[in-house]
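Please read it beside the sequence and the coordinates.

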Amino acid sequence: MIGDIENLRIHFYGVQGSGSIFPLKEERDDIRMNSDLDLLEKVFSKLQDKTSANNTLDCSLEEILDGPLTKDSLKRFRDSLAPQEPTIFGGWTTCFRLETSDGYDIVIDCGSGFRLCAQDLDIKWRDQEQRTLYILGTHAHFDHTEGFDQSNVCFDPRNHIHFFANRSYLTSLDRHLGIFSHQANRNDEGRPTPLNYEMMPASFESTEIRDTVNDGAEPNQMVSQYHDLGEPIQIGKTTIQPFSVFHPDPCLGYRIEHNGKVFVFCTDHELRRGDNPDFPLQVASLEAEQRLIEQAMNADVLYRDGQFLRAEYDAKKPLGGAIGVPRKDWGHSCIEDVVDMAIKANVGRTYIGHHDPSRSWSELIKIDADLAKQSEQAGLHFEMAKAETIIDL
Ligand SMILES: [Zn+2]
Ligand SMILES: [Zn+2]
């Protein structure tokens, strides 16, 4: 049972990029094998302690198990050995939730992990009549919106859901569901969902984040109000600064601060590795990277997209296929670059996510182990993000 929230509690529900995955049988077998071997090693070294000089066991089974052989005594014996937890990366696409010390729930993105997030909210809000959920959207791609209409929160009339996002994120949710405009293209062929706002009794509100200084506030029937990109959003004691990152679809990152604790969220951002420094996309990418470094400077925790290894990005090494495929302009960064950036910005703990759906769990485990070594060298913490992680700041 987790205690009170001191400042911010960050829940990782979905850290998978581009599409949900479930590990293959060989990968599950691999994970099980590693756990079994770890446990057996601990059992046999315990037995070793109880052998006599001529190398034979010197005690009864009851003595080892501290009682007769039952499920309970086996469980106690197992727990006493502190077996290693299998490393589970989770297979759901992007969704995070922040619980604040002053009682707010703030979700970032509604990938397929949002379904699990909504289940947790159901439990937390069980007896609550007034329920407001704030959702910060990053961008319109499917892996950041796909879980929205699968979640319970849409179907409870007591729930009010207030989105802060750019125009394309709001449009992606409204186009077929009509949750903001109350107009849905129900007769379109090829709609991605059978649902629409009439089946969703929760109420929905939208604040569009845009550069109102330079681009103005272009009227739109699905937008309840506008918020300028350069201004922080205030939710209770939490201050949220949105900023633009570099991705094929306009995408936002967020710097979230509460009582001096800082969490920076940056999914789907590419530090572009082009040859021509004057090429407009290269310039835009470097500018966005610089913005990110400024926002992340001395942050406590950073979550950032690192979908590829550098050799995979450059097509020198295949990822999930027979041949290497260049990943330039796919909108995602390299793990090595995320580490460099986190060192530059002196970030306390960096979680690298948006895992490529073709990357196996065993590869993730290997990269994670490499990052643990680099963490020691740098005196900072780098880790491959894992679903179900909970961080208290
Ligand atoms: Zn994505
Ligand atoms: Zn994307």
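1. Two strands are taken to pair if DSSP finds at least two bridges between them; strands (E, at least two residues) and helices (H or I, at least four residues) are DSSP runs numbered from the N terminus. The model is predicted: local features need pLDDT of at least 70 and side-chain atom pairs count only at pLDDT 80 or more, while totals for chains, interfaces and linings use all residues. Residues are numbered from 1 along each chain as its sequence is written, and chains are lettered from A and ligands numbered from 1 in the order in which they are written.

2. Strand β11 (residues 261-266) runs parallel to β12, and four bridges join the two. Within this pair, Cys266 lies opposite Arg304 of β12. On its other pairing, β12 meets strand β13 (residues 349-353) through five bridges, again in the parallel sense, with Leu302 opposite Thr350 of β13.

3. Together with helix α7 (residues 280-296), β11 and β12 form a right-handed β-α-β unit. Right-handed here denotes that, with the strands pointing away from the viewer, the path from the first strand over the helix to the second runs clockwise.

4. Eight strands make up an open sheet of mixed pairing, in the order β7-β6-β5-β4-β3-β2-β1-β15. β7 (225-228) and β15 (390-392) are at the edges with a single partner strand each, so one side of each lacks a neighbour in the sheet. β1 and β2 are antiparallel and joined by six bridges; Phe12 has Phe96 in β2 as its bridge partner.

5. In helix α4 (residues 114-124), the buried residues include Phe114, Leu116 and Leu121. The buried residues of α4 pack against β1 (8-14), β2 (95-100), β3 (105-108) and β4 (131-136), contact being defined by C-beta atoms, placed from the backbone, within 7 Å.

Terms used. Buried ≥ 20, exposed ≤ 12 C-beta atoms within 10 Å, placed from the backbone. Contact = placed C-beta atoms within 7 Å.
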